[in-house]
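Trainee: Please take a close look at a single part for me: the contact between the two chains, and what lies behind it.

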Amino acid sequence: MAETQRTTGELARAVEALLSERTGGEVKVRELVPLFGGACQDNYKLELSISRGELQGDRRMVLRSDAVQSLPSSLNRQDEFHVIRAAVRAGVRTPDAHWLCEGLVRPGAGAYFMDWVEGEALGRRVVKHPELAAAREKLPEELAAELAKVHTVTRASAPELGLDRAPTRQGAAAAALAHARALSQAMREPHPAVELALRWLSDHVPAGEEETLVHGDFRTGNFMVTPAGLSAVLDWEFARFGDPMEDVGWLCVRDWRFGQNQLPAGGLATRPRFYDAYARASGRAVLPAKVHWWEVMGNVRWAVGSVGQGERYLSGEESDLELIAIARRAVEMEYEALRLIEKGA
Amino acid sequence: MLERPDEPALLEALAKFLLADLHPAVKDKKLAFRVLIAANIAGTLATQLRTQDERRAAELSRLRALLGAGPERSLRELNAALVEKLRSGGLAAEELEKISAHVKQTLQEALSVVNPSFDTSVEIE
């Protein structure tokens, strides 16, 4: 793959050519630095000088390109671009995306440019850092408001969103269950706890669903915070159409509390405070039993997912120590799923 | 010939070196985080090795009782059999309760190795 990838110098020239054409003016790349991205993207930080158009001026942006590897069920950059555009139109506080293109970083790879946003995203700092204490006072309401805006996007309001890879006619819960079951059957070691949890999930599929855009990874660690409060919702690569309660349940998954168990909603709010804030912002009642189901499901997904991270290392395709370490944490999510089942909604 | 220092002692020495000597000297944040991960793996492995025989024996005897199995089947085989049993459905509530208690017990024992600070009480919120 290395021989087909441009050097940063070549990439800078290619960016200048592309953006000059798109803006009808002159675009200079003053700096281009590779960023440590996720498993599915190849990211660069850019300092641009743009001579024309609505983005005229000196701007810092991120270039996000498809990476060689991608996680199953994650969106490519093209789908992600359209999700971000739909979210921005819905008023979600998220960095806007520009200039969708193909083949910029490597042949066939989709890419786009995203506004740069300042803030802290690291979960343990967001829930604990003294400098963010004032921000934490209002984060629950701010997060609830942003999530409610995400959930105003529907298939009817954003027909351009393809996101139909998983069959959803059966409903979001049934589809999630089928997906989790398929992943559990592909695990190389037997996991009785995952089976127990799947059994319970299958016996308790919630009735009655709504369908909206869901962020799919709305949790502490995936939004940026400054001392002034929430600055941006990030990481749209798991967005899909589903039940809005899925996002509420995922935010409450224990691992995203970073030790703050007394504040189940992302380590930032009690359940009543977050549920009420979301209900007020969305006009939609939060059903604790439904959130509970999705929270159990979230723990199962993350348990199976963390085992899968280890497999990415063990298969030889990747060599990051963090991946193999995450696999050892699967027991935490397995235990939490069974604890939630025992405790009840 | 390699009994002293034994494996847990070596792993603990490794964890201590990574945490106390190497970590403070690493300026790169991403790399420093991975040094912490390495120290954690080495440290938890030391506990894992020290408690392995006891934990395995306890898990094995519970699984044998649950599945009515003889001593010839391995831990992995028994866990695979338990998974099959759960997938096949049609379990009485009482049996499911017993399986559930065993699985939680096994997870608690694993957690005491991998993350001893993990709170396993039912009410944590």
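Mentor: The contact takes 23 residues from chain A and 28 residues from chain B, two residues being in contact if their C-beta atoms, placed from the backbone, lie within 7 Å. This is a predicted model, in which local features need pLDDT of at least 70, side-chain atom pairs count only at pLDDT 80 or more, and totals for chains, interfaces and linings use all residues. Residues are numbered from 1 along each chain as its sequence is written, while chains are lettered from A and ligands numbered from 1 in the order in which they are written.

On the side of chain A that touches chain B, two or more residues each come from α6 (192-203), α10 (321-327) and α11 (330-343) of chain A; helices are DSSP runs (H or I, at least four residues), numbered from the N terminus. The largest share, eight residues, is given by α11(A). By type, this side of chain A has 11 nonpolar, two polar and 10 charged residues. Ala, Val, Leu, Ile, Met, Phe, Trp, Tyr, Cys and Pro count as nonpolar, Asp, Glu, Lys and Arg as charged, and the others, Gly among them, as polar.

Of these elements, α6(A) also packs with helix α5 (residues 172-185) of chain A, at an angle of about 160° and with the axes 11 Å apart. The two helices are therefore roughly antiparallel (angles over 145 degrees). Leu177(A), Ala180(A), Arg181(A) and Ser184(A) of α5(A) meet Val194(A), Leu198(A), Leu201(A) and Ser202(A) of α6(A). That contact divides into five nonpolar, two polar and one charged residue.

Methods: Axes are lines fitted to C-alpha atoms, for helices over the stretch in contact, and angles run from 0 to 180 degrees between N-to-C directions. Angles under 35 degrees count as roughly parallel, over 145 as roughly antiparallel, 65 to 115 as roughly perpendicular and the rest as oblique.
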